[in-house]
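Here is my note for anyone opening this model for the first time.

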Amino acid sequence: MSEIEGKSFFGYASKCNDFKEVVALLSDITGEEATKATVALGMLLAANSTAGGGYRDDALAVLNSLAYAKAELDAASCHTFPTIEVTSDILFSAQKYADENTIPCTEWPTSSDIIKEVLETAKKYSEVKE
């Protein structure tokens, strides 16, 4: 796990140090924009929680972590639209990026490449716009 670039963009949620703190914070969040920023940070933290590396299994670990995070965040927010909009978008973006950048049996994106894609998608939901 590495330091997350752009973490401060996610408002109050940026104080969370790990995914479990984000899930706990969701019950206290009010407002659609704050919810979206919190969920986007949760997805970014989940992606960043993997060991990292340049092998196929490392890339798949990031995608698997995102899939599990999506399910947990959606459930924690009772499957409300602001949450599922963000989790779906981020997971789809990461999966599409990985698929488009894979040449079977020879090349695949690194875990850090996928995490960068997650960050770029998550920034759409951040509270601080660049």
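Which side chain makes a polar contact with the side chain of D74? Let me start there.

1. The partner is T87: its side chain and that of D74 make a polar contact at 2.8 Å. (A polar contact is a pair of N or O atoms within 3.5 Å; within protein, one must be able to donate a hydrogen and the other to accept it, and residues adjacent in sequence count only if both atoms are side-chain atoms.) Before going on, some housekeeping: this is a predicted model, where local features need pLDDT of at least 70 and side-chain atom pairs count only at pLDDT 80 or more, while totals for chains, interfaces and linings use all residues. Residues are numbered from 1 along each chain as its sequence is written, and side-chain values use heavy atoms, with hydrogens and water left out.

2. Staying with D74, you will find this residue in helix 3. (Helices, H or I of at least four residues, and strands, E of at least two, are DSSP runs numbered from the N terminus.) D74 counts as buried because its relative accessibility is 5%; buried means under 20% relative accessible area, exposed over 50%, and partly exposed in between, with a 1.4 Å probe and protein chains only. Setting aside neighbours within four places in sequence, D74 is in contact with H79, T83, I84 and T87, where contact means heavy atoms within 4.5 Å.

3. Next along helix 3 is A75. With a relative accessible area of 45%, A75 is partly exposed. Between the C-alpha atoms of A75 and T38 there are 14 Å in space, and the two are 37 residues apart in sequence.

4. Do look at the loop between helix 3 and helix 4 (81-100), where C78 sits. H79 is in that loop too. Most residues other than glycine have a negative phi. For C78, however, phi is positive, near 60 degrees, and for H79 phi is also positive, near 60 degrees. As for accessibility, C78 counts as exposed at 63%, and H79 is exposed at 51%.

5. On to helix 4, which holds E85. Is E85 buried, partly exposed or exposed? At 28% relative accessibility, E85 counts as partly exposed. Leaving out neighbours within four places in sequence, E85 is in contact with K36 and Y125.

6. Helix 1 (residues 19-26) deserves a look from the end. Its buried residues are F19, V22, V23, L25 and L26. Seen down the axis of helix 1, these buried residues fall within an arc of 160 degrees, so they line one face of the helix; the arc is that of the directions from the helix axis to the C-beta atoms. What do they pack against? The buried residues of helix 1 pack against helix 2 (32-48) and helix 3.

7. Now for the second largest pocket, which holds about 150 Å³ of space. (On a 1 Å grid over the protein atoms alone, a pocket is an open set of points where a 1.4 Å probe fits, with protein on both sides within 12 Å along at least five of seven lines; lining residues have an atom within 4 Å of a point.) Its lining is R56, A59, L60, L63, A98, T102, P104, C105, W108 and P109. Helix 3 (residues 56-76) gives the most to this lining, with four residues.

8. One of the lining residues of that pocket is L63, which lies in helix 3. L63 is buried, with a relative accessible area of 14%. Beyond neighbours within four places in sequence, L63 is in contact with L91, A94, Q95, A98 and I114.

9. Last stop: T121, in helix 5 (residues 111-122). T121 counts as buried at 7% relative accessibility. Apart from neighbours within four places in sequence, T121 is in contact with D89, I90 and S93.

Technical notes:
Grid points are joined across faces, edges and corners, and a volume is the space filled by probe spheres set on the points.
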